[in-house]
2 protein chains.
Amino acid sequence: MKVSGLLLVAAQLRGVLALWPQPRSLEIGSAALKLAPTFDIHVNIAHPPSDLEDAVSRTKAFLRNDKLGRLVVGRGASDHAAVQRARSLSSLQLSLTHGSAVKSITDETRLPIGTRSEGYTLHVPADGSPAAIVANSSLGLLRGLTTFSQLWYEYAGQVYTVEAPISVTDSPAYPYRGFMLDTSRNFFPVSDIKRTLDAMSWVKMSQFHWHVSDSQSFPLEVPGYTELASKGAYDPSMVYSPSDVQDIVSYAGARGIDVMIEIDTPGHTAIISAAHPEHIACAEASPWTTFANGLLASVARMFPSSVMSTGGDELNAECYAQDPDTQADLKATGRTLEQALDVFTQKTHAAIRAEGKTPAVWEEMVLDHNVTLGNDTIVLVWISSANAAAVAAKNFRLVHGPSDYFYLDCGAGEWIGDDVAAHSNSWCDPFKTWQKVSMMVAERVLPSHRGKQSYTFDPLANITKSQAHLVLGGEQLLWTEQSGPENLDPIVWPRAASSAEVFWTGPGGNLSTALPRLHDLAFRMRQRGVKAIQLQPMWCALRPGKCNLDS
Amino acid sequence: MKVSGLLLVAAQLRGVLALWPQPRSLEIGSAALKLAPTFDIHVNIAHPPSDLEDAVSRTKAFLRNDKLGRLVVGRGASDHAAVQRARSLSSLQLSLTHGSAVKSITDETRLPIGTRSEGYTLHVPADGSPAAIVANSSLGLLRGLTTFSQLWYEYAGQVYTVEAPISVTDSPAYPYRGFMLDTSRNFFPVSDIKRTLDAMSWVKMSQFHWHVSDSQSFPLEVPGYTELASKGAYDPSMVYSPSDVQDIVSYAGARGIDVMIEIDTPGHTAIISAAHPEHIACAEASPWTTFANGLLASVARMFPSSVMSTGGDELNAECYAQDPDTQADLKATGRTLEQALDVFTQKTHAAIRAEGKTPAVWEEMVLDHNVTLGNDTIVLVWISSANAAAVAAKNFRLVHGPSDYFYLDCGAGEWIGDDVAAHSNSWCDPFKTWQKVSMMVAERVLPSHRGKQSYTFDPLANITKSQAHLVLGGEQLLWTEQSGPENLDPIVWPRAASSAEVFWTGPGGNLSTALPRLHDLAFRMRQRGVKAIQLQPMWCALRPGKCNLDS
C-alpha cells in the first residue's frame, strides 16, 4: 500500500505504524517481521564518527528496552501467532551515499540553518534480508535511526512489526524545528535540559533555543563576566558553568540539535544590575554598549552554533524616557532613543558577527523599531501568528513561535500574586492544546481532507510564494514563571511534538489519525524516562477512534 | 504579638511563620531559637501507639532533612548572627490531656466524620525550655507534630526559627478536608497514592476519596468478584490487590486520613460488562441489584472507614429508556425508572449499612431523583457550588467538591480526540487556580478585610445558620482523563492545599499573605519528594509582596 505524503488515513486508522513525525513518503505492507535475537546494526563506514556509533548504541538500547505493547486491546496478543511464524530481521545496515564526506553528527548539526542534510531512506524488507538506512550525512543516518526505533512493538519477549515491508523516503519540510526553554524565571538542572534534548531528538527537532537569562536571574557563568552569575543567579547551585555548557552543547550536537543561546538585550536584563548597577537603568539597559559587546562576544565563544539571539523584545520606551542617565546620554550624543537603539544593535550584532555568528532577534526589532539589521538576521515571531507575514514582507528569515499557538505556559492562571483576575486568566489564555497547533485554517485544507479535522498550524499563512523560502520553521516555547523541574516534562510533552511534526512533515495532517500516533509517542517517551502526560483515558488509547466525537 | 484567627496580616507580611493551614489561633514572638544537636521528641504516654511513634520518627526526619532556607534574599543569612547567639531547644514533649483514652491515630481516624478529635495546643518557649504539644487524642498530637515540623528553617547547618515564643491553639473548622483521585480513567501505582497521602497529611487533610473504578477500567481486585479486575483492568499490572488496599488504608490511617472508597453506581460501571455483559445495559447498569449488593458488600469489607460512596452521578435516563432489557424489567415489575432506581439505591445502601457504613452519594441522587435516602447520607456536591444550598435545604449533610472551584483537571483542553473545540476548551474551563479557591464572595468579606484580595471559597454561601452544621467540609478532585503518574504531583500540588486551608482555618484569608506561606509549603513539599509546582519565578518567592500588582 502506497501512503505517501498526506494520504495516510487508511494506514493510520489501523493504528499500527505509529511514527512521529510522519515521514514525507512511506510505503508499508502487512507482513509480520521480528527482530532476530542476534539483531545488530552495522555501520558501513570505514571510520565512523563516534557520535554516530553512540547513536547506534542508543537505538539498540531502545529496541531492547522500549518494551512497548501495541496500543490496542490485548496489547499485541492478536499479533502473536503471526509473529511466531514471521521471518527474523538480523541486521540493519547504515550507509552513506557514494561520495559523501564522513563528518560527525555534531559537525553537521552545527552547520548554518538551511544547509544541513537531514534526509534519509529506510527500507525494511519483509523477507528477513537486511534492513538499510542510506543518507548523505551522519545527521541523516541519525534521523533514519530515529524512525527505525519507532517501528517496533513488543509482546511476549518478541520485538516485531506487522507492517513489513516498510519503505521510507524522508527529509524535513523546514530546517528549524525547535523548542525554547527559559532558565531564568526558574532554574533547571543540566539533567533536565539533557532529558529534554533526548525527547527533542526522538521527534527529530533540530534547534534548542536557550533563553538562559532574563530580568529575574542570570544563571550563566560567562568567562570574564563571572560576577553576573555569582551575583545574579538564584543560588550558587543554580549556575551553568562553562563545562555545563560544553556538556549540554555536546549532548545536543550528538543528537542532531543545535543550541541557539539567547542573551535578551537591551530589555530583560535587570538582573545584571545585581552585579553592575552602573549599566542598568529602569531595571533595563541604559547606554552600556561596550559592556554588552564584551559580554555577548564572550557568550558567543561558549557556543559552537552559527546563530545567537540578542533578543530585543518588550523594550520599555516609557522607562527610558524617564531615566535621567539615558536622557543625559541621548542629549550628549544628539540621538533619539530609536537612534541609540540602532547604534546599540549594530554594535552588538557586529560583536557576535565578529565571532562568526548570525544574529537572531525577536519580532519587535523589525516591526516596532527602525533598527539597521543585516538581511540574514533571523526574526523570531512571538506576539501573534498574524505578524509572520509582516516580517516576511520585510524580507527577513523568520521562525514561528507565536504565543497564540506555541506558548506552552498559557492557561494556568496569572502568576502575579494578588491579581484579582488571577482566579482565571493568564495573559495568553487559553491553554494551547496539541490540537491547537493542529487546527488548520479551513481555507487551506486540501480538497481530500475537507470535512475532516485537519492537523496543522499553517507555516505559510498569508505568506507569498516568493517569500516562502524565508520561513525557516518554528518552535514551541516554555516561559517558566509557573514551571520548574517539577512540571517540565508534563507541560512540554507530548505537546511540543505537534510543531515538530508540522515543521518536519509539513501541513495537511488530520486530528483523528494523528492522535493514535501521538499516544504511541507519549507511551514510548514514558518508557524512555520522559514524563509525557496522558492525552486520554487509557481505554481510549487502546481503542483508536473510539473516543472521537464521530465514533 | 497576638494574631488569632484572621488578623494575621502583620505576622505574615514578615514572611516568616509559614504554616499551612494557618492555625486558628497563633501567638508569636521575635526571638531566635535553634534546635539543639541533641534535640529529641518525647512521647509522655505509658504505652504509646506505634503509629504515633512512627509519626514522631517522621517528624524528626523532616526536621533533619527539610533543609529549607528561609524564602528571602540570602535564604537566612541575615538570621545567622541572631541564631548563633540563640537559645537551643532540646526537646518537644507530647502529652495527652488527663483522662484521655490512649488510642492509635489509625483508630481515631476511622471514627465517623464529625466525631474525631483533631485539636491540639503547641507551645515553643523562647528560653530553650521544652516545647510541648497537648491534645485529647493521638490524632490531635499528629496534627500538632505537623505544625511543629513547619516552624523551622535551616541555614549553615542550623535548624531554627526567629519567631519564638510560639503558641498555637488549633482545631479544624470542618471535619472533612479531602482529596479525590480517579484511578479508573488512568491508573496510579500504589506508590503514587502513598506519596499523595503523605502530601495530604502535611496540610492536615482528613479524607481520601478514592474513585477507584469507572466506565473505563475496574482496577480493584474484590474478593468473590475477581473477574471484574481480571477482565476490566487495563493490564494485570494495573490492579489494586486486597493487600495493596490494606497497605493504602494503613498508610492513610497512620497519617490521620480516612479512605472513603467509591463504587459509582448505577452509572459509570460500563467496564463491568467486560466480565458480566448480562448485568450492564447501555454501557451502564440494567437491573442487577443482587450482583451490585454482593459486590458493594465485599468492597465495604475491604475498607475500615465508616463511610462508603455508592456514587450515583450522571445517570443516563435516555439510555435506559431505549434498552430492551431495562424496559422489560420495568414492565415486569410495574415500576417507573425512578421507582426502580429508588429500589436499587435502597437495596445497595442497605447492603453497605449491613457492613456498618454510612453511604455517600453524588448530588443528583437528592437534587434530580426521588430516591429514599437515610437522613445521615452524605451528599457530594460537584456540578456547581450553587447547588450546595439546595442540598442543605433538603437537610442532608454535604461535602463541597464543586467543579467551578475544586476540579483540578479543568482548563487543559478537551480529551475527545477530534473535537473541533478541543483547541481551547475543556467542559469546565477555565483552569482552577489556587487563587480561585481563594476568591471570597465580596459581600462576605469581613469588615477588616475590605479592599484586600480575600482568600477563600465560602463554605456557607447561601446556607442558613441552622443548616451550617450540615456542611462537613470539602475536597479538591482530580478526574484523570488527561492525568497519570506523570503529572499527578504538579497538577495537584500545591493547589489542593487551598481547600485544605479553607476547611481547616475557615474563610477569611488574604491572597497576598497566603502566597508566601504557599510558596513555603511548595518548597517544603519538593524537599520531601512531592513535585509541587512553582507558583512564581523564584525571584518573587524570595521577595514576598514584590510580584504583587500593588507593589
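These exercises, each with a worked solution, explore a predicted model.

**Exercise 1. Follow the barrel in chain B.**
Task: find which strands form the closed barrel of chain B, and state how they pair.

Solution. 
- Step 1. Trace the eight strands in the order S7-S8-S9-S12-S13-S14-S15-S17 of chain B. They make a closed barrel, with parallel pairing.
- Step 2. Check the twist. From one strand to the next, it averages 30°.
- Step 3. Zoom in on one pair. Strand S14 of chain B covers residues 378–381, and strand S15 of chain B covers residues 397–400. Four bridges join S14 and S15 in the parallel sense.
- Step 4. Pick out a facing pair. B:Ile378 stands opposite B:Arg397 in S15(B).
- Step 5. Look for a helix on the sheet. Helix H18 of chain B, residues 497–505, packs there. H18 touches strands S7, S15 and S17 of chain B. The direction of H18 makes about 175° with that of S17(B).

**Exercise 2. Describe the interface.**
Task: state how many residues of chain B are in contact with chain A, and how the two chains are linked.

Solution. 
- Step 1. Count residues. In chain B, 53 residues are in contact with 53 residues of chain A.
- Step 2. Take the area. About 4,500 Å² is buried between chain B and chain A. Carbon and sulfur atoms give 62% of that area.
- Step 3. Count polar links. There are 14 residue pairs in polar contact between chain B and chain A, both residues at pLDDT 80 or more. Two salt bridges cross the interface.
- Step 4. The closest N and O atoms of A:Glu486 and B:Arg526 are 3.6 Å apart. The cut-off is 4 Å, so this pair forms a salt bridge.
- Step 5. Name the helices. On the side of chain B that touches chain A, helices H16 (434–438), H19 (511–527) and H20 (538–541) each supply at least two residues. H19(B) gives the largest share, four residues.

How values were computed. Residues are numbered from 1 along each chain as its sequence is written. Chains are lettered from A and ligands numbered from 1 in the order in which they are written. This is a predicted model: local features need pLDDT of at least 70, side-chain atom pairs count only at pLDDT 80 or more; totals for chains, interfaces and linings use all residues. Side-chain values use heavy atoms; hydrogens and water are left out. Two strands pair if DSSP finds at least two bridges between them. Axes are lines fitted to C-alpha atoms, for helices over the stretch in contact, and angles run from 0 to 180 degrees between N-to-C directions. Contact means heavy atoms within 4.5 Å. Buried area is the accessible area (1.4 Å probe) that two parts lose on being put together, summed over both. A salt bridge is a side-chain nitrogen of Lys or Arg within 4 Å of a carboxyl oxygen of Asp or Glu. A polar contact is a pair of N or O atoms within 3.5 Å; within protein, one must be able to donate a hydrogen and the other to accept it, and residues adjacent in sequence count only if both atoms are side-chain atoms.
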